Amino acid sequence: MELEEMKNIWSDMSDELDKQKKLTQKLIIKMAHEKSSSRLGRIVMAESIGTVITVVALIFIGINFNKFNSLINIVAASGTFLILFVSVIMAVLLIRKANLINIQEDTYIGALNHYTDLKKMLRFYKRFSIAMYVIMPFFLIPVVSVLAGKDLSQNLSELWEVILACVLILPVAWLAIAWFYKTNLRNVTAAFKEVKNIENDE
Amino acid sequence: MSKTERFTELIKANEGIIFKITSVYSTTDIDQKDLYQEIVTQLWTAFDRFRNESKISTWIYRVALNTAITNIRKVKKQGFKVPIDQAVLNYAEVTDPLLEERIRMLYKNIESLDELDKGIVLLYLEKRSHDEIAQIIGLSVSNIGTRLSRIRNKLKTQMTNKVSHGT
């Protein structure tokens, strides 16, 4: 179908639509006052909640750092602290990136570029989360045990049993994380392709 | 006239535009309703900030298109699905079978374009000037012309391929 033909059909369709005004004042006001359900808003909200929880965990570990006495516990607490700290930094960067998208002021290409950047970052964040889940149990278990008043570093066989249990549930958790981020990563390939096209044009 | 009254007048006057944008960027009627809702919400939020620096139509297209590209959803594998061209036909209550078929073909053609070209074509079909399209999209006027000519060629090639494959 030629572009000019498409224009004619579009025009006929527009005429049909114009004949049928379906929105009432009540319906418009209801829609206008509805809480936004945008994907960007959801990403920002989820990351903000995650950041607050992580910061609380960081503060908690920091306050109780003197409880980690053995070498294993100090290494585990430092590792956990570092991973959580990097997660917070990444989440803050992600929120900043999402807030760069200005629906009202951006041009179409501007919004598309910002959105593509956000998707790239989300993809990296997904990989980071999956990698961290593999490493995290080894650091987190001694830390949680100390904070719960039971020092597993004093009983290495028990420590290994707990670590083994974590490794066994790893595939399930990995799938859950992958599924969570998949919802935020749709159309990424298409978006990359478009940005490449735009760059080529410029 | 209150803000609410001015806003409802604006949406009523442009409901067809919003509907057409949602129909191009959605894959199911449920997604389309969600997107419609989200666009109206975004327009309401931004309504106070609109300062008549651009045409009202330019502003509506910008907010609606930006909302659409940041809310694109993939077709769900499960669940009830109404193809968007059917949803459009239901809404517009088209009774002419020929026009119905042509609308279906039109949507198939639009679907074959990437997001950027889709935005440009939509504005072109809406009879916007190259100047206005450039302003909304964020490319130069000459670039818009170049891209439209490429799209034209792409559609021609698609048509030729279909004919040669007998579909």
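What percentage of the 167 residues of chain B count as buried? The figure is 41%, where buried means that 20 or more other C-beta atoms, placed from the backbone, lie within 10 Å of a residue's own. The model is predicted, so local features need pLDDT of at least 70 and side-chain atom pairs count only at pLDDT 80 or more, while totals for chains, interfaces and linings use all residues. Residues are numbered from 1 along each chain as its sequence is written, and chains are lettered from A in the order in which they are written.

**View 1. The helices of chain B.** Chain B has eight helices and zero strands; helices are DSSP runs of H or I with at least four residues, strands are runs of E with at least two, and both are numbered from the N terminus.

**View 2. Domain 1 against domain 2 in chain B.** An automatic or database assignment gives domain 1 (1-93) and domain 2 (112-167). Eight residues from each domain take part in the contact, which counts residues whose C-beta atoms, placed from the backbone, lie within 7 Å. On the domain 1 side, α1 (3-25) and α3 (56-69) each supply at least two residues, and α3(B) gives the most, with five.

**View 3. Chain A against chain B.** The contact takes 46 residues from chain A and 51 from chain B. On the chain A side, the elements giving two or more residues include α1 (3-19), α3 (39-63) and α5 (108-147). The most come from α1(A), with eleven residues.

Methods. Two residues are in contact if their C-beta atoms, placed from the backbone, lie within 7 Å. A residue is buried if 20 or more other C-beta atoms lie within 10 Å of its own, exposed if 12 or fewer, and partly exposed in between; C-beta atoms are placed from the backbone.
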